[in-house]
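Subject: Handing over a structure

Dear colleague,

I am passing this structure on to you, and I would be grateful if you could look through it with the notes below at hand.

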Amino acid sequence: MTTHPGSREAGFTLLEIVIAVAIFAVLAVILYSSFTGTFRVIEATEGQVALSQRARVALERLGEDLESAYGIPLPAVDGPGERQADFLGEDETIDGRDADRLRFLTRSHLDLGGMHDDVGLSTIGYRLQAAEEGRFVLLRSQSSPFFEEDEERTELVVCRDVATLDFSYFDSEGDEQAGWDPTDGEPGAWPLPRRVAIRLGLYNPAAPEEPPRIFRTSVLLVVERAHGSFPAP
């Protein structure tokens, strides 16, 4: 093979290879950052959607129960504390955070046979219980209001990773109250609030470092529908 002076064989110099590798590395870092950023956004979005879904289920459960709340006008009694409240909302805190309790009568169970006036009545209760890592679980109980053996009732978990639970009660004048206890009211007064506002704070398990997200709803109680319709329990 004949070679000519000043000619060289085709190929890459070391400098060209180093430059090519550097460019490839920069592009790989850019692509990796883009992909990981996209995946983080997707995971965060999915976590927020799941959190909203959990809150929606819990608030719907609360709303459906409250819509079935039942009460009768307050009877005349000889002294305070002689009548159990049909609807009792307690304003409480745990470790400085809102952890309200709620208990009320409901007509959610129907007596299809019509044999007994009080068969359909039950007591529903909501409260928070401390869990791991400073979080709470929202518990729901339902039992008969007439039998002592139901005091050891089973409580079911409605929602986990709860940060706060706060109820606000509005009377017929629209005035807001932090708690609700009608037993010290005047005879004949209606024991149920007209509206209940619910504020539920939840932690996102997918982002434990984030502050709790707050969800709100409001439930109107159609109190007149049962007025005078059912006998006192």
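The notes that follow go from the whole chain to single residues.

Please keep in mind that this is a predicted model, in which local features need a pLDDT of at least 70 and side-chain atom pairs count only at pLDDT 80 or more, while totals for chains, interfaces and linings use all residues. Residues are numbered from 1 along each chain as its sequence is written, and side-chain values use heavy atoms, with hydrogens and water left out.

Confidence and overall make-up

The protein averages a pLDDT (the predictor's confidence in each residue, from 0 to 100) of 79, and 73% of the residues score at least 70. Confidence is lowest in helix H1, residues 14-67, with a mean of 82, and highest in strand E9, residues 195-202, with 96.

Two stretches call for caution when you read the model. Over residues 110-118 the pLDDT stays under 50, and the model has six contacts (heavy atoms within 4.5 Å) for them beyond four places in sequence. Over residues 224-233 the pLDDT also stays under 50, and there the model has 19 contacts beyond four places in sequence.

Of the 233 residues in the protein, 35% are buried, where buried means under 20% relative accessible area, exposed means over 50%, and partly exposed lies in between (1.4 Å probe, protein chains only). Among contacts between residues at least 6 apart in sequence, 60% join residues at least 24 apart. The accessible surface (Shrake-Rupley method, 1.4 Å probe; for residues, only the protein chains shown count as cover) comes to about 14800 Å², of which 55% belongs to carbon and sulfur atoms.

The aromatic residues

The structure holds four aromatic pairs, a term used for rings of Phe, Tyr and Trp (its six-membered ring) whose centres lie within 6.5 Å, with planes under 30 degrees apart counted as stacked, over 60 as edge-to-face and the rest as tilted. One of them is the stacked pair of Phe87 and Phe104, at 5.6 Å centre to centre and with 25 degrees between the planes. Phe87 lies in strand E1 (residues 87-90) and Phe104 in strand E4 (residues 101-106), so this pair ties together parts that are 17 residues apart in sequence. Both Phe87 and Phe104 are buried.

Phe87 also forms an edge-to-face pair with Tyr169, at 6.0 Å centre to centre and with 85 degrees between the planes. This pair links distant parts of the chain, since Phe87 is in strand E1 and Tyr169 is in strand E7 (residues 155-170), 82 residues apart. Together, Phe87, Phe104, Phe167, Tyr169 and Trp180 form one aromatic cluster.

Val196, in strand E9, is buried, with a relative accessible area of 0%. Leaving out residues up to four places away in sequence, Val196 touches several residues, among them Phe87, Phe167 and Tyr169 of that cluster, as well as Leu66 and Thr217. Val196 and Gly63 are 133 residues apart in sequence and 9.1 Å apart in space, C-alpha to C-alpha.

Other single residues

Ser52 has its place in helix H1 and is partly exposed, with a relative accessible area of 26%. Not counting residues up to four places away in sequence, Ser52 touches Arg213 and Phe215, and its C-alpha atom is separated by 9.2 Å from that of Leu202, 150 residues apart along the chain.

Ser68 lies in the loop between H1 and E1 and counts as buried at 13% relative accessibility.

With best regards

Notes: Helix = DSSP H or I, 4+ residues; strand = E, 2+ residues; numbered from the N terminus.
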